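Let's take a walk through this structure together. Have a look at it first, and then we'll go piece by piece.

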Amino acid sequence: MPETFSSTAQMATIGLRDAREALRDRFVLVAITALTLAALVSLVTGAMALHGDAATYAQAKALLLKLGKDASVIAAPELYPLKLLRGTIEQIEIMGAVIALVAGYRAAAAERGRQTLALILTRPLAHWQYLAAKLAGGLGLAAVSLGVVFAATALILPLVSGVGLAADDLARLAIVWGAGILYLTGLYALGFGLSLWARSPAAGLIAAFALWLLVVLVAPQIGDTMDPDNQVAGGIYAQLSVPKAEQDRIKAGFATYETIRGGIEQASVTKHFERLTFAVLGIKDSYTGKPLGPILAEKSGDLLVLILFTLGLGGIVLLRPIDPDRLTKEN
Amino acid sequence: MPGTRPTDPAIATQGLTLSYGGHTALHPLTLEIPRGEVFGFLGHNGAGKTTTIRLLTTLLSPSDGTAQVAGHDVNTEAMQVRAAIGYLPENVRLYDRFTTRENLTFFARLSGVEDPAAQVDRSLRFLRITELADRRVGTFSKGMRQRVGLAQAILHDPQVLFLDEPTSGLDPMGVRALREIIDRLRDRGMTIFMNTHLLSEVARSCTSIGVLAHGRLVFHDRISALDGYDERALEELYVGVAQEDAA
């Protein structure tokens, strides 16, 4: 049997075992269900409002036609059902991230606690292959979890709102699904890696959460807080009626400050995930109704950061040798 | 197996050493264990027994010296060494949401066994645990888990079996059952390297012993009940060696 096939088969064996275990793990099942429900609650509420808008227009149109009037006097509302996914994206950003970190921790802690790590590493399998299989397991878990969330979205949204999803909408959902997989897999790798390397897996999980809070939650908040335009509701420039040219001139005087503020915001992978997905789904008004091609071209930088984040963390996990002192849960 | 001869010792180390951060966990260890031997490795807690097993099973890399297991170098032929060994760590728990059969099939596949299902059945029969095959490991007693752990270690018919404190935490019946399994494995010609601090276990099952104290091999010899090496004699030997080392 060729060695490469044998290695692939061994990696698949580990990945499939992880998948089977996830299906029997109450934490995973509860977490996926909770994420789906949380995502759907805001979606259903919005979809009902959308349904109301569509129904009001239909009633008005029917009334005009009944009265023998021209129905074109009232403009058909522009309905963008994907805009309703704001809550879903925000749940993935926070709740999904927490689940991914904890799932990564559990994948490492369980192997250490059961001593199965030592059993696997004394099999004819390179350490990096074992780690790659575990990361593939994390990627699969993210894909399935988000698949459940977005499949439920694609089914429920048209049902509740009465507004069907076009092929373009489904393509946008697929792109956001892919971006979500990247985002959650990167965080899974962070939780897994730190829990594998730390003296105790729990210390690794705490470190992972500290990093996540710093980069994902604190940094964007600092960036937002430092933005002068965010200091007054509606925006300070709008409130003071400062023209765009004048705004640019004022900002130019604070170039260093803006560079620092922008840098802090750029450090947040969540911000990049949000910028990409809000644009693709048209949640941000400036992108609503825009064709997908130009949006992707404009947001390729955010996509690139997401890819580099996941590949970078995955690469570090693969390349860092496993410390034999970490074969058990307590050292 | 290519590159190895039947006359090669099962385990041979030359100056095998492990040092880190100014501390030497294992002083140069030179040891030869012929094939088919049951080697009992004795020593106090922290003497370096588990470190030695980790070096021989390729979990650790030595800082100096060499070691061959089943004729393969642990540094340069780690994959061949891993294919030739079985390992049972202390307090192994396995995947507790999985049944015995699922656990064993997983490890059989990782070991590249050609017909995992058949090999799993053979191992279950050999260890007389067929009644545990479809029960979840999480519900097992320590003794049952230890037997399943042993089954995963011998699934692929390894040439050398490493057992780290295999009787730790077992009740007398569990110790007896495990001892009987070790005897049958020895009868099959398997080389067994066993870390232990139970002298009764050594007296009953081993054909040679080594005593490790503070990372140094202070005694190594073949033993036999016929030569007077019963449990009491072993105890005197062990205490004498330990006191000599302490002095």
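This is a predicted model: local features need pLDDT of at least 70, side-chain atom pairs count only at pLDDT 80 or more; totals for chains, interfaces and linings use all residues.

Helices (H or I, at least four residues) and strands (E, at least two) are DSSP runs, numbered from the N terminus. Residues are numbered from 1 along each chain as its sequence is written, while chains are lettered from A and ligands numbered from 1 in the order in which they are written.

**Two loop residues in chain B**

Arg128(B) is not a glycine, yet it has a positive phi of about 55°. Asn91(B) is another non-glycine with a positive phi, about 60° here, and it sits in the loop between β6 and α3 of chain B. Asn91(B) has 16 other C-beta atoms within 10 Å, so it is partly exposed. Arg128(B) has 13 C-beta neighbours inside 10 Å and therefore counts as partly exposed.

**Strands in chain B**

Two strands pair if DSSP finds at least two bridges between them.

| Strands | Bridges | Facing residues |
|---|---|---|
| β1(B) and β4(B), antiparallel | 5 bridges | Ile11(B) and Val69(B) |
| β4(B) and β5(B), antiparallel | 2 bridges | Gln68(B) and Asp73(B) |
| β9(B) and β10(B), antiparallel | 6 bridges | Leu212(B) and Leu217(B) |

β4(B) and β5(B) make a hairpin with 2 residues between them, and Ala70(B) in that turn has a positive phi of about 55°.

Now for the open sheet: its 6 strands follow the order β6-β7-β8-β3-β9-β10 in chain B, with mixed pairing. β6 and β10 (216-222) of chain B are at the edges with a single partner strand each, so one side of each has no neighbour in the sheet. From one strand to the next, the twist averages 15°.

Helices pack here too. Axes are lines fitted to C-alpha atoms, for helices over the stretch in contact, and angles run from 0 to 180 degrees between N-to-C directions. Two residues are in contact if their C-beta atoms, placed from the backbone, lie within 7 Å. Helix α5 (residues 142-154) of chain B lies across β6 and β7 (160-164) of chain B, at about 165° to β6(B). Helix α6 (residues 172-187) of chain B packs on the sheet and touches β3 (38-43), β7 and β8 (191-196) of chain B.

**Over to chain A**

Helix α2 (residues 26-66) and helix α3 (residues 86-113) of chain A pack at an angle of about 175°, with their axes 9 Å apart. α2(A) and α3(A) are therefore roughly antiparallel to each other (angles under 35 degrees count as roughly parallel, over 145 as roughly antiparallel, 65 to 115 as roughly perpendicular and the rest as oblique). Among the residues making this contact are Phe27(A) and Leu35(A) of α2(A), and Met95(A) and Ile99(A) of α3(A).

**Where the chains meet**

How many residues does each chain bring to the contact? Chain B gives 24 residues and chain A gives 19 residues. On the side of chain B, α3(B) gives the most, with 4 residues.

How values were computed:
A residue is buried if 20 or more other C-beta atoms lie within 10 Å of its own, exposed if 12 or fewer, and partly exposed in between; C-beta atoms are placed from the backbone.
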